[in-house]
Structures are given as structure tokens and as C-alpha cells.
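I opened the notebook to go through this model chain by chain and then to look at where the chains meet. The entries below follow the order in which I looked things up.

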Amino acid sequence: MNRNRRNFLKAGAAAGAFSLAGFPHIWSKNASLAFAQDGEIKVGVLFSLTGTTAIIEESLNKATLMAIEEINADGGINGLKITPVVEDPASDPATFAEKARKLVLSDRCVSVFGSYTSASRKAVLPVFEKQENLFWYPTLYEGRECSKNVIYTGAVPNQQQDDFIPWLVEKFGKRWYLIGSNYIYPKEENNYCKKLLEGLGAEVIAEEYVPLGHSEFSSVINKFRSEKPNVIFSTVVGDSVVALHRQYRAAGLDPASMPMASLTTSENEVAAMGGDAAAGHFTSAPYFMVFDSPENQRFVEAYRSRWGGDKVTHFVSESAYFQIHLFRQAVAKLTAGDIGPLAIREAVKGEEYKAPQGLVKVEPENLHCWLRPKIGQCKADGQFEILTQSADWLEPNPYSAYPNQKCTAEGLREV
Amino acid sequence: MDFVVSQILTGLSLSSILLLVALGLAIIYGVTGVINLAHGEFVMLGAYCAWLLQSQFGWSLLASLAVIFLLIAALGWLIEVAVIRHLYDRPLDTILATWGLGVMTQQIVRLTAGGELRYVQMPPSLSGSVNILGATDSAYRLFVLAVALGLFLLTWCIYRYTSFGLKLRAITQNRAIASSFGINSARAYRLTFAYGAGIAGLAGALISPLKSVSPEMGTTYVVDAFMVVVLGGVQSLVGTLASSAVLGETSGLLAYYSNDTIAKALVLIAIVIIIRFRPQGLFAPRVRA
């Protein structure tokens, strides 16, 4: 009796182990080895459609889907249709990680396009590194990251600041007030800004951080009044930026003598604060909606006819759009059987594309993009006037504030 | 000199916003004892009304203030009738119910008005700045200060000099005995709740040109309002006035010498310490138990 039961258990366990680790595993592996199947290739689209950052991420979702539709309408990539799998991570980093795992493991997506905040990028990073998949991140960010599994198509600090800071120093003066929200992005941007200012002989009279979501700037504005800086370098984000601009205007300060310079105020933020409050201030970005190029004209027209005539495009939705086209070019170089995340990464290295902002290129060493920074001044109608643009595209250097570190194809190197 | 003046003005401006937001809460909490966690949502709805009236119907902010007060007061009246009055003797349930109402309101606004940040245009007549003893301050902020003080005075007069105020004070001290003297306490509670909600709505409308308008904006204000009420002493209108003045000036001053993050933390620590030694708040009225 006893023996029988033991045998039975043993057999059951063996069968169980076999069935778990045996056939189905080999099977599923065989069946899904190819990422391109049945004439389609699956990609994940991971932008929050609900929650606090949904407003901005929704526009990224729209730009991404529009680019995919364009490619499919054009016959796909070598006859393969792109099938987007859209997930809503609800502005929550933990949900981002969970949805990323789902897209990579159960949907077997060959790449995932998504996320806006640094917190959500950091949350999905381990998924892509562990599963050797590929993540495409369209947002400008603070740099200091060197992953082999992320293609970064937004600007890093040196690309937004190298032209901007000297230009502002020359035009307005050397007394700078740095104000930012209290988290990693503003601190890293300020690190690089301080380095540039030091080289220019300019002076940082204050560096201050307010809590995320802070909306009462009367003390800060009082300090602007008494310190009289030449430039206010603002890395304040979210609804705080609306409050800061509106209270700056209510206080009767003058952008002509004490302008705010921002790296994050796009057409989108301006729409939220009102053109009257934004007018006269400066932003540095690779793309503005008013930029005059045939590619941009096409982009803006297509975006508005697809999603509504009152919609604005901005520098993050532009990267969300052109990164799909970089993806297309990379996949087009591969034969259907070879298509996989790492093959796409190798194929996209050095790839160039004529984006709405101008010609861009993926840097083979660090997988960031060569971009074309511009300086814009906001006008009362909510659009920018482009004052200068860099003569050539600018190399991405995610470790620009840390000269002894360099991101290379082999990973981070100390030099 | 102008530095001292502008520092005082900054503090007063902070105080006026605190007072506006806390006044409605102090009235409701003081009289009915309801801990209204949906208070921030009344503020938010007031701001959205201002936005709606301005963007859809072209009303200027000043013209729409009275309408906003009436709208939000009516809403408060409805909520009292539908929910709060069934829960007067169950403080924990009111906390849960008002919190739930707050969450629902946020989502309803998100679904109808959309989640994008909105702004309200400042009245053109007040968009300049004014010179006071060598210091410049925004005319609009001074206007908000004046309105806050005016509302406080009005509320205090109602409380002090009208027969309705007398009844309120009687109910506040002991509801059962006041009722036995023929005071309709249910009606008094309803009007108090509506009035408190209306003032919160006004607060939202008045601060909307200075801040961003979003479905979640109420959450920060409800915390500030509770801070003011707890520090000032429940059931004390003068305490609310004094504690918003103290909190505003202190955080203004601390923020000037350090920054807003540290100021907020220090103010909270100070409140915790004060409450430890004076749990009844700074200005609790002496009542015979």
C-alpha cells in the first residue's frame, strides 16, 4: 500500500517535471522562434492612457500609432505588417514593469515603444535587459544611462544645453538662478548647466528645488525680485510649471529682462498655462511645431487630420513618431527569419532618417540619437518662434556632466 | 525696508489662500463635527466652474464668483441631504463616505472635462502689480487677500450677531439641548454644510488664475486646510484666522531663507510639536463640559 502510493507519487512527479520542462518548452520555443509570423510583426506600445501623465503620453501613443499606420498603408516592411499591441500602464511604474513583461513574454513583441517619465523607464529597464529585448524611449531625459537594450531618441543634456546656455549668457548676462522640481531629472540637468556656466565665467546665485506638484511660488518669485537674476533656468515640471509661469506673470515680472529658460516647456505645456503666461520665455529643443521643413509639414498635417485639427505636436511626440521609422529601416535590412530584438539593435546602429526636425542618426556606440537642437521663444498664440538652430546635428553624450565616464558599445567605461 | 514689506506681503498672500481654503472646512468641522475629506474637491469644482464659465460662456472671473458660490453651495446642500445627514453620529463612516465622494468627483471631472491641465485668465483690471511702501506685489494677490478677509468678517458677523449664528453656537455646544429648546438643528447643519461648500468653491475659483486647474488639485488643499484648522483649534473662527496668518508668514519666511521643501517640512514638525502640548489647538474656546 505504502509502496504503491510512493511509486504513484514518484511517477506523478516525474511526469509533472517532464511535462513542465519537456515537450511544451521545446515546442513553444520552436513555434515562436521567429518574431515575424503570418505576414505580421508584433510590437508593444506602452504609453499611459490613464493617470497623472496620461495627457502627454496619450499624444505619444497617437504619434506612434500614426507612424505604424503610415508604414502599413505603405505595404508594411518588406511585406510584413506591423501589429501594435497597446497596453495602458496607468502612469504607475510598477504597472509599467508588469505590462512590459507581458508584452515581451506572452505577446512576444520584437520591440516595445513607450514611457515618458524617468521613473517608468527605470522600472521597465530590468525587463528588457533580462529578456534581451529592445525598448525605444522617445523622451528627452537626464542622461547618465548606458543600456544595450534601449534606443534613446530624445535629447540628453548636452544636446539641449550646449548651444542654449552660451547663447543666453551672451544675450542676457551671467547671473543665473536655477529652479527645479525635486527629483533626478532637474538635478542632472543642473549638474551639466553648472559645468557649462563655470566654463563661461557665469555665476549661479541660487540653486533651488521645490517638491513635485508644488503650486505656490510666491516665495520663489520674491527671491527673483530681490536677487534680480539675468536668467532663470527652470527645470520645474508638471502642473508646477503652469503655476510658476502664471504667478510670474501675475507678479508683473518682465521676460525681456529676466527670462525663464526651460528644457521641458513644449507646445503642450504652453497650451496648459496659456500663451499669455508663456510669452517671451525660451525653450531649447530639437523640434518645434512651427519648424519649416517639408517633413514637418507632412507630419503636422497628417497628425491633425488623423487626431483632430486642434491637436499640437511637440518635441516628444516627434521622436515617438520618427523612432518608428528608424525601426522600419532597421527591420527592412533583415530577412524575415533573422528578425529579432538584438538583430534590430545591430541593424539600427548608424541608421539615418529624415525626421520632421531634420536628418537624425542613431549613434552606434551609445544607442542615443544625433539631433538638431533649436532655440525657440514662446509667443502669445502658444507657438514658438525659432531663433537659432545648430549648424549641424549634435552628438549625444549621456555622460556629459561626468567627463571621466563614457558610454560605449561595450558598456560604461571609466576613462 | 522694501524687503521687509515684500516678505510680509508674500506671507500674507500665502495666508490668504490658506484662510480661504480652510474657512469652509472650519465652519463645517466646527459646527457639525464632520471631517469632510471631500473639501478639496469642492475647491477643485469651484476652479472648474470658473474655467467652464470663462472658456465656454466668456464670463470674466469676477462676474462668475457669485454664481460659483451658489452652485457649489447647492451641491453641498444636496450632498448633505443625500449622504452626510445619515451619518452624523458615525464619524468614521463620514470620513469614508466623504473620501469616497471625493474620489468619485475627481473621476467624474476627469471623464467629463478631461484630464488635461487648465488655466483661468486673470481679470485684466487686476493683472498689473501695485507698489506698497517700495515693494511690488501682484494686484490680484492683494485682491485675494481682501476677499479672504471680507469672507472671514462676513462669516464672523453671521456667527456673532445673527439669530442664526446664535442657534449655531448653541448647537455647537450641545446639539441635544439646543434641539430641545426648539432649534431646528437639521436645518442649521444643512445650511452650514452648504455655506462651507460654497466658500470652498469660491476659494477654488479665486486661486485658479494663480495655479493650474486639474482633477487632482484638491488633494493638496485639503491637507493644508486641516493643518490650519487643527492648529487654530476646532470651533474657533478667530483661531482659523490666526493660524493661517502664522502658517503663511512662517512658511514664507522659511522658504525665503531656505527653500519650499524645507519650509514645508519645518512647518509640519512645528505643528506636530504644538499639537503634542496643546491638543486642542492654539485658540480652543473654553467651554464648560
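I began with chain B, for which I listed 11 helices and 2 strands, taking helices as DSSP runs of H or I with at least four residues and strands as runs of E with at least two, numbered from the N terminus. Read from the N terminus, the elements of chain B follow the order α-α-α-α-β-β-α-α-α-α-α-α-α.

I noted that this is a predicted model, in which local features need pLDDT of at least 70 and side-chain atom pairs count only at pLDDT 80 or more, while totals for chains, interfaces and linings use all residues. Residues are numbered from 1 along each chain as its sequence is written, and chains are lettered from A and ligands numbered from 1 in the order in which they are written.

I next checked the overall dimensions of chain B: its C-alpha trace spans about 60 × 45 × 35 Å along the principal axes. The radius of gyration of chain B is 19 Å, which agrees with the value near 19 Å for a compact globule of 289 residues; the radius is taken over C-alpha atoms, and the globule rule is 2.2 Å times the number of residues to the power 0.38. Of the 289 residues, 48% count as buried, that is, with 20 or more other C-beta atoms within 10 Å of their own, the C-beta atoms being placed from the backbone.

For chain A I recorded 15 helices and 18 strands. Its C-alpha atoms fill a box of roughly 90 × 55 × 45 Å along the principal axes, and 51% of its 415 residues count as buried.

I then turned to the contact between the chains, which takes 32 residues from chain B and 28 residues from chain A, two residues being in contact if their C-beta atoms, placed from the backbone, lie within 7 Å. On the side of chain B that touches chain A, the elements giving two or more residues include strand 2 (135–138) and helix 5 (139–161) of chain B, and the largest share, 6 residues, comes from helix 1 of chain B.

Last, I looked up B:Ser138, which is found in strand 2 of chain B. Is B:Ser138 buried or exposed? B:Ser138 counts as buried because it has 26 C-beta neighbours inside 10 Å. Leaving out residues up to four places away in sequence, I found that B:Ser138 touches A:Ala250, A:Ala251, A:Gly252 and B:Ser129.

Notes:
A residue is buried if 20 or more other C-beta atoms lie within 10 Å of its own, exposed if 12 or fewer, and partly exposed in between; C-beta atoms are placed from the backbone.
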